[in-house]
Amino acid sequence: MTAFVEKTLCNAVCLAVSEINASGGVNGRPLLLNEADPKGELRLFQSETQRLLDEGVSNFFGCYLSSTRKVTLPIIAQHQKLLFYPTFYEGFEFSPNCIYSGAVPNQNTFWLADYLLDNYEKKYLLVGSNYVFPYETNRVMRDLVANRDGDVVDEIYIPLDPAPEDIARVIEKIKAALPIVVFSTLVGDGAVAFYKAYKEAGIDPQTSPIASLITGETEVAEIGAEASVGHVTAAPYFSSVDSPQNTRFVTQYRASYGEDAPICAAAEAAYFQVHLFAEAARRAGAVDRESILRVLPTFSFEAPQGVVRVSRENHHTHLWPKVAIVDSNGAFKIVREAYEPVPPDPYLKDFDPTHGQNDDKSF
C-alpha cells in the first residue's frame with residue numbers, strides 16, 4: 001500500500017550510512033544496519049521492533065504512517081532507546097524517546113492553506129484515508145479555511161486501501177461542487193488511484209486543484225505527469241531545490257538507485273537524520289539515548305533543504321517550508337518558500353488561524 005514510498009526512505013538511510021562509513025564512520029567505528037520489513041502490518045511492527053531490541057539495536061530509523069509510529073514508539077520507549085521518525089505528521093505529540101524530523105502543521109499545513117486561499121477558490125472539500133493523520137490534519141485545515149472566509153463543504157474518509165467505488169463516490173461529490181479546491185490526505189496506492197480518477201473525470205486543476213501534504217515525487221512517479229500536472233503540495237523539501245547540497249544529494253542518490261529515482265521529503269528527512277545522529281554520536285562519544293539527546297540540539301546540519309537543527313524543547317526539527325506545483329514534466333516548481341528555517345510548533349501554541357503564516361517569509 002505504501003511500500004513504494006517507504007522504499008525511498010530505506011534507500012536514503014542506506015545512502016547516509018554509506019557516506020558516513022566512507023568518511024571513517026563514527027570515531028573510527030562503522031555504522032551497522034539491521035533492517036526489518038514489517039510488510040505494513042501493525043503486529044509485525046511490534047514483533048520486529050522487539051526482535052531488533054533483542055539483537056542489541058540502540059537507535060531506530062523508520063516508520064512512515066503515524067499508526068506505525070504509535071505502535072512502535074511505546075516499545076522503544078520501554079527500553080529507553082531512540083526512534084528517529086522522518087515523516088511529516090499531525091503534531092500534538094512529544095516523546096523523550098523520539099526525534100521528529102518531518103514537518104508539523106505550522107511548517108506545512110499553514111503554508112499550504114495560505115497559498116491556496118491567496119490563489120484559488122474559497123470552497124473546499126477534504127478527503128482523507130481513514131487513520132489518525134488525516135483526521136487531525138483536516139481539523140487544522142478546516143480552522144484555517146474558516147478563519148480566512150473559506151467554506152468546507154464536505155469532509156470524507158475512505159479506507160487506507162480503497163476500492164474503486166470508494167474513489168468514484170468522492171469524485172462524484174467533487175464534480176457536483178465544482179469549482180472547488182480538494183485537500184487530500186490520501187496515502188499510498190489510494191492517493192495514486194485518486195489522482196488518476198480525477199484526471200479521467202476531466203476536472204481542471206487550474207481552477208480545482210488537488211492540494212496535498214503527502215503527494216511528493218514518489219507519488220507523482222506512480223501517478224504519471226499527465227494526471228499530476230497543476231496539483232499543489234507543501235513540504236520542506238522537493239528534489240528541485242536549487243542548492244549545492246541538494247545537487248550533491250540528488251546526484252549521489254540517483255547514482256545509487258537509478259537516474260530517474262524519485263526523492264520525496266520524507267526520504268530527505270530520513271537521510272539528514274542519520275547524519276544528525278552520527279554527528280551527535282561523534283561529539284558525545286556514545287550512542288545511548290541520554291548521550292545523543294544531550295548533544296543533538298547543540299549543532300545544526302546543512303541538509304539538502306537547508307540548515308536544520310533539532311529543538312531541545314520538543315525534539316522536533318527546524319525546517320524550510322515550501323509550496324510547489326507539478327509542471328508538465330512531472331517536476332515540482334516551487335512557488336513559495338521560507339527564507340529562513342521555521343521553528344517547530346507541534347502543539348500550535350502560537351496558532352493564529354486568522355494570520356497568514358507567509359508574511360515577509362516568501363518570495
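## Helices lying on a sheet

Contact here means that heavy atoms come within 4.5 Å of each other. In this predicted model, helix H4, made of residues 109–119, lies across strand E4 (123–129), E6, E7, strand E8 (232–235), strand E12 (322–326) and E13, and the helix runs at about 95° to E13. Helix H6, which covers residues 164–177, also packs on the sheet, where H6 touches E4, E5 and E6, and the direction of H6 makes about 170° with that of E5.

## The sheet itself

Strands of a sheet pair through backbone hydrogen bonds, either parallel or antiparallel. The sheet in this model is open and is formed by 7 strands in the order E5-E4-E6-E7-E8-E12-E13, with mixed pairing. At its edges stand strand E5 (151–158) and strand E13 (332–337), each of which pairs on one side only, and neighbouring strands are turned by 25° against each other on average, when direction is ignored.

## A pair of helices

The axes of helix H2 (residues 42–54) and helix H3 (residues 66–78) come within 9 Å and cross at roughly 30°. Because angles under 35 degrees count as roughly parallel, H2 and H3 are therefore roughly parallel to each other, and their crossing is right-handed.

On the H2 side, the contact is made by Leu42, Phe45, Gln46, Thr49, Gln50 and Leu53, while H3 contributes Ser67, Thr68, Val71, Thr72, Ile75 and Ile76. Sorted by class, this contact has 6 nonpolar and 6 polar residues, with no charged residues.

Terms used: Residues are numbered from 1 along each chain as its sequence is written. This is a predicted model: local features need pLDDT of at least 70, side-chain atom pairs count only at pLDDT 80 or more; totals for chains, interfaces and linings use all residues. Side-chain values use heavy atoms; hydrogens and water are left out. Axes are lines fitted to C-alpha atoms, for helices over the stretch in contact, and angles run from 0 to 180 degrees between N-to-C directions. Helices (H or I, at least four residues) and strands (E, at least two) are DSSP runs, numbered from the N terminus. Angles under 35 degrees count as roughly parallel, over 145 as roughly antiparallel, 65 to 115 as roughly perpendicular and the rest as oblique. A crossing is left-handed if the near helix is turned anticlockwise from the far one by less than a right angle, and right-handed if clockwise. Ala, Val, Leu, Ile, Met, Phe, Trp, Tyr, Cys and Pro count as nonpolar, Asp, Glu, Lys and Arg as charged, and the others, Gly among them, as polar. Two strands pair if DSSP finds at least two bridges between them.
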